[in-house]
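Please consider the chain shown below together with its coordinates. The explanation after it is intended to be read with the structure open.

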Amino acid sequence: MTQFAFGYAFALFTALIVIIGDFAIKTAADAGHTITSTYVAIGVALYGVSALFWFFAMQHVTLAQAGVAYSMLTLIALAIIGAVWFGESLQGREYAGLGCALLSMVLMSRLA
């Protein structure tokens, strides 16, 4: 596996961990749990674990590439989770933003 692929894999895995943490925290917030609830603690712990994977991502790709991959995946996944799981609506502006996120991923990629 190339450096590029390792870097993106770590960035995307980091995003996945953060997405699960965000989901836990949003669930706690919507259910009226306190900041000391188990859901919030799980979310915070996952954020901490994600920092370790972020370190490995940055060893293999530029900060900009890792940042775009992470941002794109979290933006798209959280928009979908918000719409499907939490019943939040997406408007044309959000769809345009999701399209721009995908385009930025393509533009920031350095294929050697």
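Predicted model: local features only at pLDDT ≥ 70, side-chain atom pairs only at ≥ 80, totals over all residues.

Residues are numbered from 1 along each chain as its sequence is written, and side-chain values use heavy atoms, with hydrogens and water left out.

The secondary structure of the chain consists of 4 helices and 0 strands; helices (H or I, at least four residues) and strands (E, at least two) are DSSP runs, numbered from the N terminus. Along the sequence the pattern reads α-α-α-α. The C-alpha trace spans about 50 × 35 × 20 Å along its principal axes. Of the 112 residues in the chain, 28% are buried, where buried means under 20% relative accessible area, exposed means over 50%, and partly exposed lies in between (1.4 Å probe, protein chains only). A contact is defined by heavy atoms within 4.5 Å. Among contacts between residues at least 6 apart in sequence, 74% join residues at least 24 apart.

The packing of H1 against H2 may be taken next. The axes of H1 and helix H2 (residues 38–60) come within 8 Å and cross at roughly 170°. Such axes are lines fitted to C-alpha atoms, for helices over the stretch in contact, and the angles run from 0 to 180 degrees between N-to-C directions. Angles under 35 degrees count as roughly parallel, over 145 as roughly antiparallel, 65 to 115 as roughly perpendicular and the rest as oblique. H1 and H2 are therefore roughly antiparallel to each other. Sorted by class, the contact of H1 with H2 has 22 nonpolar, 9 polar and 1 charged residues. In this sorting, Ala, Val, Leu, Ile, Met, Phe, Trp, Tyr, Cys and Pro count as nonpolar, Asp, Glu, Lys and Arg as charged, and the others, Gly among them, as polar.

A nonpolar core is a set of buried Ala, Val, Leu, Ile, Met, Phe, Trp, Tyr and Cys residues joined through side-chain atoms within 4.5 Å. The largest one has 10 residues in all: Tyr8, Ala11, Ala57, Val61, Ala66, Val68, Ala69, Met72, Ala101 and Met105. At least two residues of this core come from each of helix H1 (3–30), helix H3 (63–84) and helix H4 (92–108). H3 gives the most, with 4 residues. Apart from residues up to four places away in sequence, Met72 touches Ala101, Leu102 and Met105.

The aromatic rings give a further view of the chain. Rings of Phe, Tyr and Trp (its six-membered ring) pair if their centres lie within 6.5 Å; planes under 30 degrees apart count as stacked, over 60 as edge-to-face and the rest as tilted. By this rule there are 7 aromatic pairs. Phe13 and Phe53 form an edge-to-face pair, at 4.7 Å centre to centre with 75° between the planes. This pair links distant parts of the chain, with Phe13 in helix H1 and Phe53 in helix H2, 40 residues apart. Phe13 is partly exposed at a relative accessible area of 38%, and Phe53 is partly exposed at 23%. Phe10, Phe13, Phe53, Phe55 and Phe56 form one aromatic cluster.

Which residues does His60 contact, leaving aside its neighbours within four places in sequence? They are Gln3, Phe4, Phe6, Gly7 and Phe10. His60 belongs to helix H2 and is partly exposed, with a relative accessible area of 23%. The C-alpha atoms of His60 and Phe4 are separated by 6.1 Å, although the two are 56 residues apart along the chain.

Leu63, in helix H3, counts as exposed at 55% relative accessibility. Its contacts, leaving aside neighbours within four places in sequence, are with Trp54 and Met58. Leaving aside neighbours within four places in sequence, Leu90 is in contact with Ala79, Ala83 and Tyr95. The C-alpha atoms of Leu90 and Met105 are separated by 21 Å, the two residues being 15 residues apart along the chain.
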